[in-house]
Number of protein chains: 2
Amino acid sequence: MLTPKRHALILEELSNKQMITIQSLVDLMRVSESTIRRDLSELEKQHLLKRVHGGATVVTQTKDEPTVQEKKQRGTTEKKEIAQYAAALIEDYDVIYLDAGTTTYEMIPFLKDRPITVVTNGLMHLDLLQQYHIPTYIIGGKVKDKTGAVIGSVALKQLEHYHFNLAFIGTNGVDVSFGYSTPDPEEGDLKEKALTLSDKRFVLADHSKLHTKSAYRFSELKHATLITDRLLEEDREAYSKLTDVLEAMT
Amino acid sequence: MLTPKRHALILEELSNKQMITIQSLVDLMRVSESTIRRDLSELEKQHLLKRVHGGATVVTQTKDEPTVQEKKQRGTTEKKEIAQYAAALIEDYDVIYLDAGTTTYEMIPFLKDRPITVVTNGLMHLDLLQQYHIPTYIIGGKVKDKTGAVIGSVALKQLEHYHFNLAFIGTNGVDVSFGYSTPDPEEGDLKEKALTLSDKRFVLADHSKLHTKSAYRFSELKHATLITDRLLEEDREAYSKLTDVLEAMT
DNA sequence: ATCAAAATCAATCAAAATCAATCAAAAACA
DNA sequence: TGTTTTTGATTGATTTTGATTGATTTTGAT
């Protein structure tokens, strides 16, 4: 019996029962205990089962990080407030840059049927933008796993051909001294470049992002207006000294 | 027994069972073990099966559960045959251009985990390409409503930065005198450009597209190899005079 | 809880099966 | 005819297998 066949059989047995003994597999497949042991070791290395004394059990599905798809469904009220506020800054016939990310995604419903042009590196944005009949340009380049963003040198270079009236950028961290930051340098470079290409520059960050730093700074505070949902009284002064701040409160 | 006959038989056996031993093939075809080994090696090089110790297994062996994405719309058998045939032409470490469209979409499952790079203007392709861990570059430019294609002058210009080993292009019409054609000129221009940038050029068209013309010709027949599912005897001669033709038949 | 028997384990090794490489004979070709 | 391609047998190398070893874990009786 071929090795993959045995492996398939083991996994099938395992999904039927929740647990199997080595002896039962020996009887089932008429091979030696050693062979079964080796099979189980291999399958365990592939995280397809978990070995236990005398047999094996199914592996509890490790839930990986929530995909963008999931994240965007639970858009918080705060994010929506920020998004609506930001969208109100756009005037007819503007050309805007919409960064990839969940907060900027929330802006799209507020752009419905408006006579504007959107340029974006966010692949997840495209469906909704099309649905709302908003003329859209996608930045070309390397497609980043999972996050649905376009990044890399090609994207950076291509961005240089554009000019924007407004740029809306997402961020992972906002810090008074460190500035705006994000985990991925390649994404950061793109954010930085987009900011330099725009007349008016905005960074969107709900209050959970304030006072946190990510690995890579893509801009100082003063280079872009911060749009957030609410500020503590003592923060307001500190931030306002360094940059324009807009508070999206209803 | 002729080599192609053996290969066809092996693939048929494989699709019936999911897995075959070399010995069973030796008995079935009355040829030597060596010959079978050579056959399997060759078929593996074309990614039509996977060799394992003692035999071979099917490649589309989805050990992972079929994703929603994957089965959301199963293409026709003809399209899949064309797609599989086309995918077998790709060698490791190739950089390929994958045109937007349903036929080229069907190629993606056959590219799973292969060490290649894909460049595409098809937004619909991206999800599946990411799922299969294929390094992907998206062409930037205007996003066309609904069809999920990127087109326009920006896309055209950006395409020029690339060079491909192989280009796979979809088409709406194939006509002996008129050539390859498509309804949208902007899409057509992109197809034409992609063809000029590639070492090897292929146009994919199932038999329903033969002998039909669309509004806009993007290439003469002779500039690209036609891959189709089946040809009428009288057509074969006519087409073969004008271009290379590959028939994806099982 | 403690201990010894039983069961299970990982590691090792030699036999068996399978493999890739080679080469000469057979077949196909021109 | 001579040349090229395909085939099948043979070689030694590699992989897989099953038995055996002593170590470790579990079991069950005290």
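Two strands pair if DSSP finds at least two bridges between them. By that rule, strand E4 (residues 95-98) of chain B pairs with E9(B) in the parallel sense, over 3 bridges. Helices (H or I, at least four residues) and strands (E, at least two) are DSSP runs, numbered from the N terminus. This is a predicted model: local features need pLDDT of at least 70, side-chain atom pairs count only at pLDDT 80 or more, and totals for chains, interfaces and linings use all residues. Residues are numbered from 1 along each chain as its sequence is written, while chains are lettered from A and ligands numbered from 1 in the order in which they are written.

**Strands around E9 of chain B**

- In E9(B), B:Ala167 is the bridge partner of B:Tyr97.
- E9(B) also pairs with strand E12 (residues 198-204) of chain B, in the parallel sense and over 6 bridges.
- B:Ala167 has B:Arg201 as its bridge partner in E12(B).
- Strand E9 (residues 164-170) of chain B is mostly covered, with 6 of its 7 residues buried.
- A residue is buried if 20 or more other C-beta atoms lie within 10 Å of its own, exposed if 12 or fewer, and partly exposed in between; C-beta atoms are placed from the backbone.

**B:Leu128**

- B:Leu128 lies in helix H7 of chain B.
- B:Leu128 counts as buried because 22 other C-beta atoms lie within 10 Å.
- B:Leu128 and B:Gly170 are 42 residues apart along the chain, and their C-alpha atoms are separated by 18 Å.

**Open sheet of chain B**

- 3 strands of chain B form an open sheet in the order E1-E3-E2, with antiparallel pairing.
- E1 and strand E2 (50-52) of chain B are the edge strands; each pairs on one side only.
- The twist averages 25 degrees from one strand to the next.
- Axes here are lines fitted to C-alpha atoms, for helices over the stretch in contact, and angles run from 0 to 180 degrees between N-to-C directions.
- E2(B) and E3(B) pair in the antiparallel sense over 3 bridges.
- B:Val52 stands opposite B:Gly55 in E3(B).

**Contact between chains A and B**

- The contact takes 19 residues from chain A and 23 residues from chain B.
- On chain B, the elements that each supply at least two residues to the side touching chain A are strand E1 (19-21), strand E3 (55-57), helix H7 (125-131), strand E6 (136-138), strand E7 (141-143) and helix H8 (152-159).
- That side of chain B divides into 10 nonpolar, 10 polar and 3 charged residues.
- Two residues are in contact if their C-beta atoms, placed from the backbone, lie within 7 Å.
- Ala, Val, Leu, Ile, Met, Phe, Trp, Tyr, Cys and Pro count as nonpolar, Asp, Glu, Lys and Arg as charged, and the others, Gly among them, as polar.
- Strand E6 (residues 136-138) of chain A runs antiparallel to E7(B), joined by 2 bridges.
- B:Gly141 in E7(B) is the bridge partner of A:Ile138.

**DNA strands**

- A residue is near a molecule or strand if its C-beta atom, placed from the backbone, lies within 6 Å of it.
- The residues around DNA strand D include A:Thr3, A:Val31, B:Thr3 and B:Val31.
- Helix H3 (33-45) of chain A and helix H3 (33-45) of chain B give two or more residues to the surface near DNA strand D.
- That surface has 2 nonpolar, 10 polar and no charged residues.
- Around DNA strand C are residues including A:Arg37, A:Gly54, B:Arg37 and B:Gly54.
- The surface near DNA strand C has 2 nonpolar, 6 polar and 2 charged residues.
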